[in-house]
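User: I have a model open and want to learn how to read it. Can you take me through the ligand sites and then some single residues?

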Amino acid sequence: MSKGTRDRKNIYVSPEEMARQQRFIDEIKELNYRKEVKTGKKKLYCLNTFGCQMNEHDSEKLAGMLAEMGYAETDNVNESDLVIYNTCCVRENAELKVYGHLGMLKPLKNQKPDLVIAVCGCMMQQPEVVEHIKKTYSHVDLIFGTHNLYKFPELLYSAMDSQTTVVDVWDCDGQIAENVAIERKDGVKAWVTVMYGCNNFCTYCIVPYVRGRERSRSMDDILEEVRMLGRQGFKEITLLGQNVNSYGKDIGDGTSFAELIREVNKIPGIERIRFTTSHPKDLSDDLIYAMRDCEKVCEHLHLPFQAGSTRILKLMNRKYTKEDYINLVAKIKENIPDIALTTDIIVGFPGETEEDFSDTLDILEKIRFDNAYTFLYSKRTGTPAAKMEDQVPEEVKKERFQRLLETQNRISKEINDTFLGKVVEVLVEGVSKTNDKIFTGRTRGNKVVNFEADASLIGKLVNVRINTVKTWSLEGSIVR
Ligand code: SAH
Ligand code: SF4
Ligand code: F3S
């Protein structure tokens with residue numbers, strides 16, 4: 001392949017550096033092994049992840065490195081030797097949860113001085129957060145950021161040996177680290193990062209400040225990873241990035257997301273392809289055609305519109321109008337008629353009037369999304385919107401939020417009702433948490449379906465006739 005290759009050397013962590021990290025992995029493995037022989041117990045880690053799929057996937061990398069170091073996972077903090085919080089700062093409540101957890105760990109650390117407490121992820125990319133943790137939660141042993149995740153083995157090694165908090169957070173954009181071990185939780189569906197960072201600077205959003213500028217992985221590396229997943233028996237992959245539609249722009253040789261999708265579509269074993277997130281301003285005709293043409297690409301698109309009012313969209317720096325969005329969806333539906341659409345919406349952006357909000361409700365009614373993730377605007381220090389006047393009072397935000405939820409729930413249920421009696425293709429993902437006879441999977445349109453089955457069907461595509469409809473899920477029975 002001549003395009004999208006890995007010739008941008010300085011964008012990658014060097015093989016020598018990766019080999020150095022491997023030596024720390026081996027050192028810790030040796031220490032853990034010796035401890036295990038002495039105590040008869042494997043060392044345990046408890047990993048808590050907040051935030052989006054990007055963070056969930058980073059946690060799969062931490063889990064991969066930890067498995068190589070000889071740790072086993074537990075969800076019981078009290079019995080663990082290492083506790084990690086992989087944090088999110090997109091909204092204030094995500095941060096407050098982390099502080100709550102850290103506070104609660106203090107007595108445990110007093111009881112078990114050898115316990116290592118680590119915090120990482122997006123929140124740590126903010127210097128004031130690091131200062132606050134150092135001051136208020138001095139029982140934390142290790143703080144690191146998003147850009148140096150690959151350096152976790154070295155940092156953990158130092159933290160195990162240090163009396164003070166080890167802090168390593170980089171404010172420059174991280175390099176891409178290939179070949180980090182990944183332990184995927186699921187055996188059917190896998191996330192694959194295609195790009196890191198974001199260049200969009202939506203005025204409410206902290207992500208570009210904590211994840212840095214856009215950096216695309218080489219197409220060769222991505223395709224190689226997907227081929228391996230296909231060989232390992234994974235059936236569905238989700239290509240990940242903050243703004244996947246701008247994949248390849250930084251490579252500068254014409255590599256595009258549409259082209260990547262077409263290549264991924266050829267890979268044996270993989271039955272379904274999804275991707276997230278798409279920014280409406282970057283969703284090209286070429287990508288719509290690729291979605292239409294590639295049989296493995298699911299008829300589902302997550303396309304956040306954030307706000308209905310063109311005035312608010314401008315203040316948000318989203319670079320499209322209400323009409324642009326509606327026209328874009330019309331074009332998508334023309335090419336992929338049975339597409340399921342989901343979206344993200346923010347309520348109560350500074351200056352949002354009742355009239356602006358009615359544009360948001362209007363988009364919901366016009367487009368009729370299958371599902372919407374709705375958020376109360378949360379002020380993020382350092383973003384332009386935090387300094388805007390006319391912050392909307394909490395009670396106004398909450399009242400609008402309630403109306404938004406009611407509208408969307410009604411629409412979701414109405415759309416789900418149209419599935420009654422229909423037969424849908426479902427990829428069987430696993431057993432339900434509450435009943436071992438009930439299995440769960442998703443349609444190509446990403447709807448959750450519950451049905452009776454047995455474990456031999458996990459990872460298989462089955463046809464299910466829908467006989468019960470709920471707001472968030474469908475129920476049915478397998479048609480043989
Ligand atoms: N890159 C993705 C997702 C980013 S974060 C995208 O652009 O769609 C996920 C969602 O969180 C965003 O889509 C937005 O709806 C919401 N969000 C981001 N910043 C927020 C803030 N300050 N307050 C409330 N919601 C926010
Ligand atoms: Fe945040 Fe906007 Fe980037 Fe999404 S596109 S991560 S909302 S700045
Ligand atoms: Fe949160 Fe970071 Fe994702 S701020 S939403 S975990 S990129």
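Analyst: Keep in mind that this is a predicted model.

User: How does the shell around ligand 3 divide by class?

Analyst: Into five nonpolar, three polar and one charged. Cys52, Cys88, Cys89 and Cys122 are among the residues around ligand 3.

User: Now ligand 1. How many residues surround it, and which are the closest?

Analyst: Ligand 1 has 14 residues around it. Arg91, Gln242, Gln306, Asp344 and Ser378 are the closest. By class, the shell holds seven nonpolar, four polar and three charged residues.

User: How much of ligand 1 does the protein cover?

Analyst: On its own, ligand 1 has 530 Å² of accessible area, and the protein covers 90% of that.

User: Which elements give two or more residues to that shell?

Analyst: Strand E13 (340-347) and strand E14 (371-376) do. On the domain level, domain 2 (196-298) and domain 3 (303-315 + 323-417) each supply at least three residues to the shell around ligand 1.

User: Let's move to single residues. Why does Phe257 count as buried?

Analyst: The cut-off for buried is under 20% relative accessible area. Phe257 has 2%, so it counts as buried. Phe257 sits in helix H9 (residues 257-264).

User: What does Phe257 touch, leaving out residues up to four places away in sequence?

Analyst: Val194, Leu239, Val244, Asn245, Tyr247, Phe275 and Leu287. For a sense of the fold, compare sequence and space: Phe257 and Asp286 are 29 residues apart along the chain, and their C-alpha atoms are separated by 8.9 Å.

User: Is Arg34 buried or exposed?

Analyst: Exposed, because its relative accessibility is 51%. The cut-off for exposed is over 50%. Arg34 belongs to helix H1 (residues 15-39). Its C-alpha atom is 23 Å from that of Lys151, a residue 117 places away along the chain.

User: Where is Ser473, and is it buried or exposed?

Analyst: Ser473 lies in strand E19 (residues 473-478). It counts as buried because its relative accessibility is 13%. Leaving out residues up to four places away in sequence, Ser473 touches Asn416, Val448 and Asn450.

User: How do I read burial along a helix?

Analyst: An α-helix has 3.6 residues a turn, so residues three or four places apart point the same way. Now look at helix H6 (residues 152-160). Its buried residues are Phe152, Pro153, Glu154, Leu155, Leu156 and Ala159.

User: What do the buried residues of H6 pack against?

Analyst: Two helices are involved, H1 and helix H2 (53-68). The strands are E3 (82-87), E4 (116-121), E5 (142-144) and E6 (166-168).

Definitions and conventions
Residues numbered from 1 in each chain as written. Chains lettered and ligands numbered in written order. Predicted model: local features only at pLDDT ≥ 70, side-chain atom pairs only at ≥ 80, totals over all residues. Heavy atoms only, no water. Near = heavy atom within 4 Å. Nonpolar A, V, L, I, M, F, W, Y, C, P; charged D, E, K, R; others polar. Areas by Shrake-Rupley, 256 points an atom, 1.4 Å probe, with all protein chains shown as cover. Helix = DSSP H or I, 4+ residues; strand = E, 2+ residues; numbered from the N terminus. Domains from an automatic or database assignment. Buried < 20%, exposed > 50% of the residue type's maximum accessible area, 1.4 Å probe, protein only. Contact = heavy atoms within 4.5 Å.
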